[in-house]
Amino acid sequence: MYGKSGWLMRSFEEWPEDFEQTSSFFRSGSSLLLHVSNQPGAVRLGRNPNDEVLQRSLRNLDRIPGTEYHAVGVLYVGLQQETEVQILANVHGSERYARFLKLLGSPIPLDKHPGGLLPGKHGTYTYEYQDELSKITFLVATLMPCSENDPNCNMKKKLIGNNFVSIVFNESGAPFRLGSVCGQFAHVAIEVIPYDANTVLLQLHAKQEISCWLATRRALLSDRCAVRLLRKMIVRTQLSVNVWRSVQDNDDQPYISSGVDRLRKIIAIRERFATLQPQRDVT
């Protein structure tokens with residue numbers, strides 16, 4: 001119990017008439033802040049709250065999500081398609097591809113620019129999946145319109161090529177080659193090959209420096225099971241790429257997770273700007 005708020009536990013043998021009424025009560029967060037600020041070891045960030053350096057550090061902190069976020073390209077390769085332009089120019093796929101695509105996540109509008117997608121320019125919607133630990137936005141090439149002024153599909157290539165991991169639904173009849181689409185930035189491609197009406201073969205293609213950290217390379221599964229494994233592979237491969245890149249950059253603190261990066265930033269801000277908060281008697 002703290003302040004003016006208290007909690008009472010009671011039996012739910014009968015549905016209480018006031019159930020959910022407490023959700024309409026507004027409780028200011030100031031009481032929690034007051035409680036925390038008087039704890040031993042509490043600190044104050046800077047003497048001037050308008051300090052531009054401090055404000056910039058806090059804005060940079062806000063750019064680091066507390067959960068893992070991944071933007072992943074999705075490509076469709078049709079029968080006998082080989083070139084990058086042919087693949088990126090697809091604005092639809094087969095019925096088999098469409099069914100698999102819907103299993104990846106939930107459709108969302110582009111109003112909030114997920115993964116950098118802009119309404120109109122990049123279509124009207126995309127797919128997204130989120131759980132307690134991560135969020136995956138799928139940048140689907142077939143959902144993006146093509147322009148007569150962009151015959152080489154550079155707009156799609158620029159957007160999808162900025163991601164290190166891609167999903168390739170391959171119905172071309174030929175094996176997919178890593179780097180054939182979006183060039184040097186393609187570190188990992190997870191190839192999806194239809195085996196029958198309800199089963200797909202997943203194959204992992206990755207650069208050597210990334211593949212040495214990955215165990216699962218090939219799996220034949222039903223569509224629904226394949227999608228669940230696919231999401232785990234996305235998180236795992238993206239983590240491997242992030243760790244490898246941080247090592248290549250000679251980072252003193254190699255990448256572990258987005259949450260750890262955020263914690264490191266908080267500690268750095270504390271060490272730079274914190275001053276001890278004087279204790280007050282609140283009895």
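Is Asp 261 buried, partly exposed or exposed? At 25% relative accessibility, Asp 261 counts as partly exposed. The structure discussed here is a predicted model.

Asp 261 pairs with Arg 264 in a salt bridge whose closest N and O atoms are 3.5 Å apart. Both residues belong to helix H8, which covers residues 258-273, and they are three residues apart, about one turn of the helix. Arg 264 is partly exposed, with a relative accessible area of 21%. Since buried means under 20%, the value of 21% places Arg 264 in the partly exposed class.

Elsewhere, salt bridges that share partners join Glu 52, Arg 56 and Arg 59 into one network. The structure holds six salt bridges. Side chains of opposite charge can pair when their charged atoms come close.

## Ser 258 in helix H8

Helix H8 also contains Ser 258. This residue is buried, at 7% relative accessibility. Leaving aside residues up to four places away in sequence, Ser 258 touches Ile 64, Pro 65, Thr 67 and Glu 68.

Glu 95 and Arg 99 meet through their side chains in a salt bridge, with an N to O distance of 2.8 Å. The two lie four residues apart in helix H4 (residues 95-103), about one turn of the helix. Glu 95 is exposed, with a relative accessible area of 53%, while Arg 99 is partly exposed at 32% relative accessibility.

Arg 96 forms a salt bridge with Asp 223, and the closest N and O atoms of this pair are 2.7 Å apart. Arg 96 lies in helix H4 and Asp 223 in helix H7 (residues 223-248), so the pair ties together parts that are 127 residues apart in sequence. Arg 96 is buried, with a relative accessible area of 8%. Asp 223 is buried as well, with a relative accessible area of 7%.

In H4, the residues Arg 96, Tyr 97, Phe 100 and Leu 101 are buried. Viewed down the axis of H4, the buried residues fall within an arc of 130°, and therefore they line one face of the helix.

Which exposed residues does the face of H4 turned away from its buried side carry? That face carries Glu 95 and Lys 102. Glu 95 is the residue that forms a salt bridge with Arg 99, whereas the buried Arg 96 forms a salt bridge with Asp 223.

## Positive phi in two loops

Most residues other than glycine have a negative phi. Gln 80 is not a glycine, yet has a positive phi of about 65°. Gln 80 sits in the loop that runs between strand S2 (68-77) and helix H3 (84-88). With 64% relative accessibility, Gln 80 counts as exposed.

His 113 also has a positive phi, of about 55°, although it is not a glycine. The loop that holds His 113 lies between strand S3 (106-109) and strand S4 (125-130). At 42% relative accessibility, His 113 counts as partly exposed.

Notes:
Residues numbered from 1 in each chain as written. Predicted model: local features only at pLDDT ≥ 70, side-chain atom pairs only at ≥ 80, totals over all residues. Heavy atoms only, no water. Buried < 20%, exposed > 50% of the residue type's maximum accessible area, 1.4 Å probe, protein only. Salt bridge = Lys/Arg side-chain N within 4 Å of Asp/Glu carboxyl O. Contact = heavy atoms within 4.5 Å. Arc of directions from axis to C-beta.
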